[in-house]
Amino acid sequence: MSVAAYCIFCYRQIGTSGPAAKTHLPWNDIRKIAKVTGSLILGGFVFITYEVLSLKKLLQIDTQAIHQEKLKSYVYVRTTSLNPSEYQGITYQARKEIHKAVRKILETEAKIFRRPFNEQFSTFDGEDHECALWLLLKRSQSEDKEVRLQAVQDLANNSHWHDYQYGTVAQTCDQRTAIGLARSKDIDLRFFLPPPPLPKIKNDYPIEDELRLLLVSLPQSGLDPCVQYFTSLALRESSQTLAARRGGLWCFGGNGLPYCETLSKIPSETVELFFLQALVQHSKVSSHCDKIEAKGGLQLLQRIYQLRKDSAKIQRNIIRIIGNMALDERLHSSIVRAGWVSVLAEVMKSPHVIQSSHASRALANLDRDTVKEKYPDGVYVLHPQYRSSQPIRADILFVHGLLGAAFKTWRQQDIDRRLDKKASEGEEDYSQCWPKTWLASDCPALRIISVEYDTHLSDWKTKCPVEAHRKSIAYRSNELLDKLRAAGIGDRPLVWVSHSMGGLLVKKMLVDASKNPEMDKIVNNTRGIIFYSVPHHGSQLAEYSINARYLLFPSVEVKELSKDSPALKELNDDFLSFAKDKKFSVLSFAETLPTHIGSMIKLHVVPLESAKLGIGDLIPVDVNHLNICKPKKKDAFLYQRTLKFIQDVLAQELGD
């Protein structure tokens, strides 16, 4: 249009420039018009041809680059300046507008003719340095699982992007990608959006009131006795708090007695902890998880988590609840929308093994792309806690003993650095859990799992005093076997590592599994067992506790450890018959030093004759009962002998 208008203008100008008397244009004037018009038409044609060729080049994909990407799994990006001032020319702006117009035309055409729109045109107007980001985002949503996993890994490996690019990924990635990024090692937290803002609450409406309403809304009839116990305990503490607000003397009597400081100060954090312990029990029931989600429990837990950043215990209980709810895949979307992925990714970076392992369990239950197993409450993966290309060849299962725990039982032996300066000089960092650090480093192809269950010396301190049979070895054996099968134990070659009463539990589980066809895999894949001071024939601790029953009220666990107990003898005979038939390897360690129990009692908990199983090697070690499973350092005999046993029985799987 502009060219035609210019031609008309020139024609009129030439037509009016001559004498008025002439009615016909001279031949020379026509030649001038033809020259001007021709040059303009030719120039316009050249310009349009250049733009069409440029546009065509932009719309073409370099197949060689894609081939390189498939071979090496890298995205090659040309170095381009990010300075916007370099792209403000008229030509650049014109090209941008043309590109947008062409894309709209193509989209409209696809809609009119009902044809699929070619997705390669969806980002062609982006800058060069943006192409890799959008390509990876598109690949991360691919139906091809291998392509999808590789794209998430490539996203996680990027560390040179700008803040807005991380923000772009956080806002546009799908649920599956966000979880995959959270389970990537050394991930940049800018990949995740912060938890969504929560509505403000009134100052006179405390968190514990919301917790009470949530707990009361959950089913109260037909409950497991332990769930009922924790629920009633939390509500009782809450009612004491209400009485205190009204001027009552809440601290006299009840479980609140140890926490009372003044008649006016209410330890709200303690009350919240009671509620959370009750919710932990409820979250073990699938139908109750649905209720917690429907009543806004995920958002309430998020609020408490942000308010109690100074309380590791409260945060740990909350993440434990999230991990239990994540066992139900129907709740995954709700968990992600409530902002828990960013929280879990941050906790994964915690230097404290307990915190990071709770977060790792929750994320593993959320990650259905790479984790086929599910980890019930009390089953923790120590390695690998992140996504890894390293194939898992075998499983190592750690089972603690009386008064033990999934993490603290397996820590490095405590050293008084003031007394032993030479030992501490030049020593590697202290290990809070040597299976997670030392063993994972020496045998990266292993999946290392630790289980946790409540044990107590006395019924005074039992967490759930209801139904004593729950604390028996027989009950715990059935409970743990179900959890371990859900976690995939038995699908690979297996080595058991146990301490104290945990060894009796391992023997009971294997004997029970041998009688259950559904548990055949656990029995057939067992390659070996390590026993650290296991009282196969009873313990002196049980004798002492029973004699002092009026002081300690010995628990069921302790009573079962009585010396020459008929139940222990029967278990040992059944296990020996079973083990000799299966011919798997056994290694036993025995303590030779007495253990200090309190400030006045010195006791040899498991004598050498009780630690003698009857098969396999028995190695006495100059340590007490507590330190028999805690090596002083990585090159100590206790750890090196354990490592050698594992490598020998799994030589075929580990390739050594």
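Visitor: Leaving out residues up to four places away in sequence, which residues does Ser 498 touch?

Guide: The model is a predicted one. Ser 498 sits in strand β4 (residues 494–499), and at 0% relative accessibility it counts as buried. Not counting residues up to four places away in sequence, Ser 498 touches Val 399, Trp 410, Gly 503, Val 506, Ile 530, Phe 531, Tyr 532 and Val 534.

Visitor: What distance separates the C-alpha atoms of Ser 498 and His 400?

Guide: Ser 498 belongs to strand β4. Along the chain, Ser 498 and His 400 are 98 residues apart.

Visitor: Is Ser 500 buried or exposed?

Guide: Ser 500 is located in the loop between β4 and α21. Its phi is near 55°, a positive value in a residue other than glycine, whereas most residues other than glycine have a negative phi. With a relative accessibility of 7%, against a cut-off of 20%, Ser 500 counts as buried.

Visitor: Where does Asp 186 lie, and what is its phi?

Guide: Asp 186 is found in the loop between α8 and α9. At 63% relative accessibility, Asp 186 counts as exposed. Although Asp 186 is not a glycine, its phi is positive, at about 55°.

Visitor: Which residues line the largest cavity?

Guide: The count comes to one cavity of 30 Å³ or more, and about 30 Å³ of space lies in the largest cavity. By class, its lining has five nonpolar, one polar and three charged residues. The lining residues are Ala 182, Ser 184, Lys 185, Asp 186, Ile 187, Ala 345, Met 348, Lys 349 and Tyr 386.

Visitor: Which residues of α9 are buried?

Guide: Helix α9 covers residues 207–217. Eight of its eleven residues are buried, so α9 is largely enclosed by the rest of the structure. The buried residues are Ile 207, Glu 208, Asp 209, Glu 210, Leu 211, Arg 212, Leu 214 and Leu 215.

Visitor: With which residue does Arg 190 form a salt bridge?

Guide: The closest N and O atoms of this pair are 2.3 Å apart. Arg 190 lies in the loop between α8 (175–182) and α9 (207–217) and its partner in helix α7 (residues 163–172), so the pair ties together parts that are 27 residues apart in sequence.

Visitor: What is the N to O distance in the salt bridge between Asp 512 and Lys 508?

Guide: Both residues lie in helix α21 (residues 501–514), four residues apart, about one turn of the helix. An α-helix has 3.6 residues a turn, so residues three or four places apart point the same way. Asp 512 is buried, with a relative accessible area of 16%, and Lys 508 is partly exposed at 22%. The N to O distance in their salt bridge is 3.4 Å.

Visitor: How many residues apart are Arg 641 and Asp 617?

Guide: The side chains of Arg 641 and Asp 617 meet in a salt bridge with an N to O distance of 3.8 Å. Arg 641 is in helix α28 (residues 637–649) and Asp 617 in strand β9 (residues 617–621), so the pair links distant parts of the chain, being 24 residues apart.

Visitor: Which backbone oxygen does the side chain of Thr 526 reach?

Guide: Thr 526 lies in strand β5 (residues 526–532) and is buried, with a relative accessible area of 6%. Leaving aside neighbours within four places in sequence, Thr 526 is in contact with Leu 494, Trp 496, Leu 510 and Phe 584. At 2.7 Å, its side chain reaches the backbone oxygen of Ile 522.

Visitor: What is the omega of the peptide bond from His 383 to Pro 384?

Guide: Pro 384 is placed in the loop between β1 (379–383) and β2 (394–399). Most peptide bonds are trans. The bond from His 383 to Pro 384 is cis, with omega near -10°.

Methods: Residues are numbered from 1 along each chain as its sequence is written. This is a predicted model: local features need pLDDT of at least 70, side-chain atom pairs count only at pLDDT 80 or more; totals for chains, interfaces and linings use all residues. Side-chain values use heavy atoms; hydrogens and water are left out. A salt bridge is a side-chain nitrogen of Lys or Arg within 4 Å of a carboxyl oxygen of Asp or Glu. Helices (H or I, at least four residues) and strands (E, at least two) are DSSP runs, numbered from the N terminus. Buried means under 20% relative accessible area, exposed over 50%, partly exposed in between (1.4 Å probe, protein chains only). On a 1 Å grid over the protein atoms alone, a cavity is a set of points where a 1.4 Å probe fits but cannot get out, and a pocket is an open set with protein on both sides within 12 Å along at least five of seven lines; lining residues have an atom within 4 Å of a point. Grid points are joined across faces, edges and corners, and a volume is the space filled by probe spheres set on the points. Ala, Val, Leu, Ile, Met, Phe, Trp, Tyr, Cys and Pro count as nonpolar, Asp, Glu, Lys and Arg as charged, and the others, Gly among them, as polar. A polar contact is a pair of N or O atoms within 3.5 Å; within protein, one must be able to donate a hydrogen and the other to accept it, and residues adjacent in sequence count only if both atoms are side-chain atoms. Contact means heavy atoms within 4.5 Å.
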